[in-house]
Amino acid sequence: MSTLSIIAITGTPGVGKTTIVELFSDANFTILSVKDLAKQYDCEGDFDEVTQSIDIDIHRLAEKFEADSKGDTIVDGHLSHLLDVDAIIILRCKPSILQERLAKRGYTEQKITANVEWEMIAGTWSEIIEFELDQSILELDTTNCEPGEIFVAITQWINDGYSQDSTNPRIDWLAE
Ligand code: ADP
Ligand code: MG
C-alpha cells in the first residue's frame, strides 16, 4: 500500500532548491513553496531589513499547513524541513561557489555573508538535530552536479521508498 508523501527540499538559499523542484513539475508531483504557503495561511511577518525578505512564522505555518493534493507533494524552501513532512532532502553547496551564486542574484554583502556562513556551519543540519527531526534524510552536494543528475538521484531515492541516507551531515565544508 502506498500513501501520499510530503517531501521537504531544504538547504541554504542558493543551493539549487527551486531549480531542482522545477524539474519535478512534470513528474506528477504537487510543488509548493514555503513562501507561497506562508502567504496562503497568513503566516507572514514584517519585512526584515537584514535578510531583505519577509519573515515567516514557520511554526505557526507548521500547525496550519495540511497537504491537500491528489499526489505526492514537494515543498521548496529553506525552512521546509520545519513543516510536518515525511522526508527531507537537504541540498548543499560549497561555500565559495554559493557566494558566487548569491552575488549573481544581487544579494547584499551582508546577506551573502550570512548565508555562506550558514552553509559553512551546516545550519540546516543543526536545526534538524536541535528539533530532533527523525524523518528520512537525503543529503546531496549540488556544487559540481548538473540539475539533471540531482533529479535522477532524488527520483531514485523516492522510488526506493525514501530510505534513510544520513542522520548527520556527511558534507563538512570546514574540514576541506
Ligand atoms: P535556491 O532555490 O536553493 O535558493 P536556486 O535554484 O534559485 O536556489 O539556484 C540558485 C542559483 O544557482 C541559480 O542561479 C541557479 O541557476 C544556480 N544553480 C542551481 N542549481 C545549480 C547546479 N546544480 N549547478 C550549477 N548552478 C546551479
Ligand atoms: Mg528558491
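How many strands does the open sheet have, and in what order do they come?

A: This is a predicted model, so here are the ground rules: local features need pLDDT of at least 70, side-chain atom pairs count only at pLDDT 80 or more, and totals for chains, interfaces and linings use all residues. Residues are numbered from 1 along each chain as its sequence is written, chains are lettered from A and ligands numbered from 1 in the order written, and side-chain values use heavy atoms, leaving out hydrogens and water.

Now the sheet: it's open, with 5 strands in the order β2-β5-β1-β6-β7, and the pairing is parallel. Strands here are DSSP runs of E, at least two residues long, and helices are runs of H or I, at least four, numbered from the N terminus; two strands pair if DSSP finds at least two bridges between them. At the edges you'll find β2 (30–33) and β7 (136–141), each pairing on one side only. From one strand to the next, the twist averages 20° (angles run from 0 to 180 degrees between N-to-C directions, with axes fitted to C-alpha atoms, for helices over the stretch in contact).

Zoom in on β1 (residues 6–10) and β5 (residues 73–76): these two run parallel, joined by 4 bridges. Within that pair, I9 has D76 of β5 standing opposite.

Then come the helices. α1 packs on the sheet, touching β1, β2, β5 and β6 (87–92), where contact means heavy atoms within 4.5 Å. The direction of α1 makes about 160° with that of β5. As for α7, this helix lies across β1, β6 and β7, and runs at about 165° to β7.
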